[in-house]
Amino acid sequence: MNRFFTSSLVAAFGLVAVGCGGGGDGAASGEAPATEQPAATEAPAASLSVPDWMSVDEAGKTVTLEIIAGKDDSNNRWNFNGYSRGNGTIVVPAGYNVVINFRNDDPNIAHSIGVDSGTGNFPATFQNPEPVFVGAISANATSMQEGTQPGASESISFMADAAGDYSLICYIPAHAATGMWINFKVSADGAVGFASS
Ligand SMILES: [Cu+2]
């Protein structure tokens, strides 16, 4: 939501600036931010690659992701494959089945995973989180006691049937709010891969 909100603000400001400068001379400076913004949002797509924890079966229209919570000690181990705070973006094509083989390597605490409609600024707690796609959430995802425990694994699968910008987040209290989330984009144009930022 941050980026989208920001671009909306920039666009609105640009319009206002152009409007205020209606006398004629000042219009050029007001237009510059509005034209730069689309290039910034398209940048990750240009650098997509397929990491070793991602496999793409085009014939079977399936993307399989090996996602490890607490892969390294970044963000206090509250990370997915070492990424947190939206500094990574997974892209899968709309209409593909997605399999997430999830494992918790954090020795200290439970984690979970699910596809959430939010894109940053997550609340501290979730009551009954509704994943964007049916099946796109791990078991007991909000529970420290019953979520995916240290050393445990589980797999989820779902049909990514609607293009859009979503997030992969951990629903354990305070985890997403303190950065345990990455971007999850379902592309309408068949783009697939991963980009870090
Ligand atoms: Cu977590």
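## Basis and overall fold

Because the model is predicted, local features are given only at pLDDT of at least 70 and side-chain atom pairs count only at pLDDT 80 or more, whereas totals for chains, interfaces and linings use all residues. Residues are numbered from 1 along each chain as its sequence is written.

The protein chain holds two helices and nine strands, where helices (H or I, at least four residues) and strands (E, at least two) are DSSP runs numbered from the N terminus. Read from the N terminus, the order of elements is α-α-β-β-β-β-β-β-β-β-β. Of the 197 residues in the protein chain, 31% count as buried; a residue is buried if 20 or more other C-beta atoms lie within 10 Å of its own, exposed if 12 or fewer, and partly exposed in between, with C-beta atoms placed from the backbone. Among contacts between residues at least 6 apart in sequence, 70% join residues at least 24 apart, a contact being a pair of residues whose C-beta atoms, placed from the backbone, lie within 7 Å.

## The open sheet

Four strands form an open sheet of mixed pairing, in the order S1-S2-S4-S6, two strands being paired if DSSP finds at least two bridges between them. Its edge strands are S1 (54-57) and S6, each of which pairs on one side only, and the twist from one strand to the next averages 15°, with axes taken as lines fitted to C-alpha atoms and angles running from 0 to 180 degrees between N-to-C directions.

S1 and S2 are joined by four bridges in the antiparallel sense, and methionine 54 has leucine 65 in S2 as its bridge partner.

## The nonpolar core

The largest nonpolar core has 38 residues, of which Ile90, Val92, Leu168, Ile169 and Cys170 touch the most other members; such a core is a set of buried Ala, Val, Leu, Ile, Met, Phe, Trp, Tyr and Cys residues joined through C-beta atoms within 7 Å. Two or more residues of this core come from each of S2, S3, S4 (96-104), S6, S7 (164-169) and S8 (181-187).

Leaving aside residues up to four places away in sequence, isoleucine 169 touches Gly114, Asp116, Phe122, Ala176, Met180 and Trp181.

## Two asparagines with positive phi

Asparagine 75, in the loop between S2 (62-69) and S3 (88-93), has a positive phi of about 50° although it is not a glycine. Asparagine 75 is partly exposed, with 18 other C-beta atoms within 10 Å.

Asparagine 140 also has a positive phi of about 50° without being a glycine, and lies in the loop between S5 (114-116) and S6 (153-160). With 15 C-beta neighbours inside 10 Å, asparagine 140 is partly exposed.

Key
Two residues are in contact if their C-beta atoms, placed from the backbone, lie within 7 Å.
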